[in-house]
Amino acid sequence: MLLTIQRLAICLFAAATASHAIADGPFHLLSRSFMSDACDTCCDEAGCDLSSCCDTECDACCGAKDDCDSVCCDTGCDAGCSSSCCDSICSSKCCCPKRYCSFFSGWNDLDSYSGESPLPAVLDGTFNDGWLFGIAAGREIHKHYRAELEFAFRSNTADQWTVAAVPGDWSGHLFTYSGMANLFRDLNECEVLGITPYLGAGLGFAIMDGEFQTAAIPVNVDETSFAWQAMAGGSCNLTDGIDLFTEYRYFAAEFNVFDVSGAPQVDLGRHDGQHQSIFFGVRFAR
């Protein structure tokens, strides 16, 4: 339990600093030429009273004014802009990529385990549906793309344990902590009824921690491994700077299961650790 608390504290600290890391790290380098404080000044000087020169609503105002080109594009916001900094084609690409943080939670399923036994018998284990919670911080790096760092926590309880086709109950929890770097593609061209679909993929690591008790032996999981995930979802704008989203996610991180009834412990086989999740979330952008 102490090890679990220490790991959770480390993950929470990493998540808390993710926004700063994204602002100053590799994601910033990818989009360093896409942002300029002059965008806000552009709107003011061009007579627009909105918060950002490159907001969609401001395109009609700023895009028609020469001041926008001279104040905004000429001050380092001209990457890929052919005419006006505030043209709708260039608004996300050049001037004002959004930074955001998001929170999400929902249902999580963990596939059944099938391994080996110190006896000449096959072991199978099933898990109850569980839940996950996650936080992320990211930013736009192009009109259609977002990059983010994410921390997520998953919990599943043991359901049934089968040895040589003889069923029995087992108890305990498997906790999965993950840190991921994700890339999303927003399908703006496919927006329907105000809902924008998106696709995404991520790479990172996962820490699995579990202790289980069967009628015969105690079982343990304690491992850190490579993880990957694929996502598909849809988001809608609730208010300026606040989006709601729902998402399906497939997450995989392999781990070993050990019989710890004696010393040394016995490896009972490797589980592919496939999680499937459906959840809802909120995204705050600025």
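Visitor: What is pLDDT, and what is its mean for the protein?

Guide: The term pLDDT denotes the predictor's confidence in each residue, on a scale from 0 to 100. In this protein the mean pLDDT is 75, and 63% of the residues reach 70 or more. The model is predicted, so local features need pLDDT of at least 70 and side-chain atom pairs count only at pLDDT 80 or more, while totals for chains, interfaces and linings use all residues. Residues are numbered from 1 along each chain as its sequence is written, and side-chain values use heavy atoms, with hydrogens and water left out.

Visitor: How many salt bridges does a search of the whole structure find?

Guide: A salt bridge is a side-chain nitrogen of Lys or Arg within 4 Å of a carboxyl oxygen of Asp or Glu. The search finds five. One of them joins Asp186 and Arg146, with the closest N and O atoms 2.9 Å apart. This pair links distant parts of the chain, since Asp186 belongs to strand S7 (residues 171-186) and Arg146 to strand S5 (residues 145-163), 40 residues apart.

Visitor: Are Asp186 and Arg146 buried or exposed?

Guide: Buried means under 20% relative accessible area, exposed over 50%, and partly exposed in between (1.4 Å probe, protein chains only). Both Asp186 and Arg146 are buried.

Visitor: Which residue forms a salt bridge with Glu150?

Guide: Arg249 does, and the closest N and O atoms are 2.7 Å apart. Glu150 lies in strand S5 and Arg249 in strand S10, 99 residues apart. Glu150 is buried because its relative accessible area is 5%; Arg249 likewise counts as buried, at 1% relative accessibility. Asp243 forms a further salt bridge with Arg283, the closest N and O atoms being 3.7 Å apart. Here strand S10 holds Asp243, and strand S13 (residues 274-285) holds Arg283. Both Asp243 and Arg283 are buried. Salt bridges that share partners also join Glu150, Glu247 and Arg249 into one network.

Visitor: How many residues has the largest nonpolar core?

Guide: A nonpolar core is a set of buried Ala, Val, Leu, Ile, Met, Phe, Trp, Tyr and Cys residues joined through side-chain atoms within 4.5 Å. The largest has 21 residues, and Phe212 and Leu268 have the most contacts inside it. Strands that each supply at least two residues of this core include S5, S7 and strand S8 (195-213). Phe212 touches residues including Phe127, Trp170 and Leu174. A second, separate core of eight residues includes Tyr100, Tyr198, Phe245 and Phe279.

Visitor: How much space lies in the largest cavity?

Guide: On a 1 Å grid over the protein atoms alone, a cavity is a set of points where a 1.4 Å probe fits but cannot get out; lining residues have an atom within 4 Å of a point. Grid points are joined across faces, edges and corners, and a volume is the space filled by probe spheres set on the points. The search finds one cavity of 30 Å³ or more, and about 60 Å³ of space lies in the largest cavity. Among its lining residues are Arg146, Glu247, Arg249 and Arg283. The largest share of the lining, three residues, comes from S10.

Methods: Helix = DSSP H or I, 4+ residues; strand = E, 2+ residues; numbered from the N terminus. Contact = heavy atoms within 4.5 Å. 1 Å grid on protein atoms, 1.4 Å probe; cavity = no way out; pocket = protein on both sides within 12 Å on 5 of 7 lines; lining within 4 Å. Lists of a residue's contacts leave out its neighbours within four places in sequence.
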